[in-house]
Amino acid sequence: MAIYNSNKKLVDGYDTHTHLNDDQLFHDVPAYIGRAHEFRIMEMNIVGFDAQSNQRALQIAEAHEGVYAVLGFQPEDTNDFSDAAAQTLGEQIKNPNVVGVGETGLDYYWDTASHDVQKAAFEKHLALAKAADLPVIIHNRDAFSDVYDMIKQSGITKGVMHSFSGTPEQAQKFVDLGMHISFSGVATFKKAQEVRDAAKIVPLDCILVETDAPYLAPVPYRGKQNEPAFVKFVLDSLAETLDIPVEKLTDITRTNGHRLFLNHE
């Protein structure tokens with residue numbers, strides 16, 4: 001695996017959504033972080049999706065500089081989001097290493113939890129994020145209308161549409177609510193022209209990049225295990241789509257991440 005061309009300007013990148021807390025990656029966290037650094041991906045958010053992964057996200061963030069935790073229950077795991085779990089989450093997000101609430105949202109594709117259960121959990125996450133003044137990281141699959149309506153009704157204006165895979169029109173509606181749009185390896189897929197078209201209408205100060213590792217590995221590693229280092233390929237592809245230098249896009253997305261998650265301008 002080659003690192004960046006040493007003759008190019010080195011610009012540090014920020015993978016805003018990765019799962020080093022997943023069983024597939026958790027066994028060797030330092031190696032994955034080290035490889036990311038070879039590609040100048042110097043910061044990352046470890047995103048929780050259930051009780052165990054939330055605890056792991058905290059553990060990783062506390063042990064590594066430039067690594068932050070985002071805590072929540074993804075829609076597929078909301079059957080386990082009891083009142084006690086919500087109370088624990090409310091305490092955990094007070095940790096100074098926590099920079100967001102999520103991932104949360106609605107997933108009507110897998111349907112492992114009923115729509116009512118998912119909505120109730122999503123509503124609690126939105127309330128926790130609003131009370132803590134933290135951005136909310138939103139998972140949306142086949143549930144655009146309900147996700148949009150619930151964000152709008154919550155009054156939340158600070159968050160991320162994670163691994164965006166919708167239309168330009170949908171992207172615009174979320175931007176109008178104040179959401180950032182995060183692009184993953186999906187944007188590199190040959191048949192994902194609609195996603196690339198969406199990227200073209202998103203204001204540059206609302207764009208983020210992510211891997212969602214170990215899932216959604218970008219071209220040229222599609223179908224293989226993803227890792228934070230591979231956000232480099234998302235940046236390369238997205239920069240080509242937007243017709244701007246990759247160094248500029250890397251700087252823009254890092255700055256956006258700092259402003260949203262770390263309150264840095």
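1. The axes of helix 9 and helix 10 (residues 246-261) approach within 9 Å and cross at roughly 110 degrees; axes are lines fitted to C-alpha atoms, for helices over the stretch in contact, with angles from 0 to 180 degrees between N-to-C directions. Helix 9 is therefore roughly perpendicular to helix 10, a class covering 65 to 115 degrees. Helices are DSSP runs (H or I, at least four residues) and strands likewise (E, at least two), numbered from the N terminus.

2. This is a predicted model, in which local features need pLDDT of at least 70 and side-chain atom pairs count only at pLDDT 80 or more, while totals for chains, interfaces and linings use all residues. Residues are numbered from 1 along each chain as its sequence is written, and side-chain values use heavy atoms, without hydrogens and water.

3. Leaving aside neighbours within four places in sequence, Phe-183 contacts (heavy atoms within 4.5 Å) several residues, including Ala-198, Val-234 and Leu-238.

4. Thr-167 lies in the loop between strand 6 (159-161) and helix 7 (168-176). Thr-167 is buried, with a relative accessible area of 17%; buried means under 20% (1.4 Å probe, protein chains only). Beyond four places in sequence, Thr-167 touches Glu-194 and Ala-198.

Technical notes. Buried < 20%, exposed > 50% of the residue type's maximum accessible area, 1.4 Å probe, protein only. Parallel < 35°, antiparallel > 145°, perpendicular 65-115°, else oblique.
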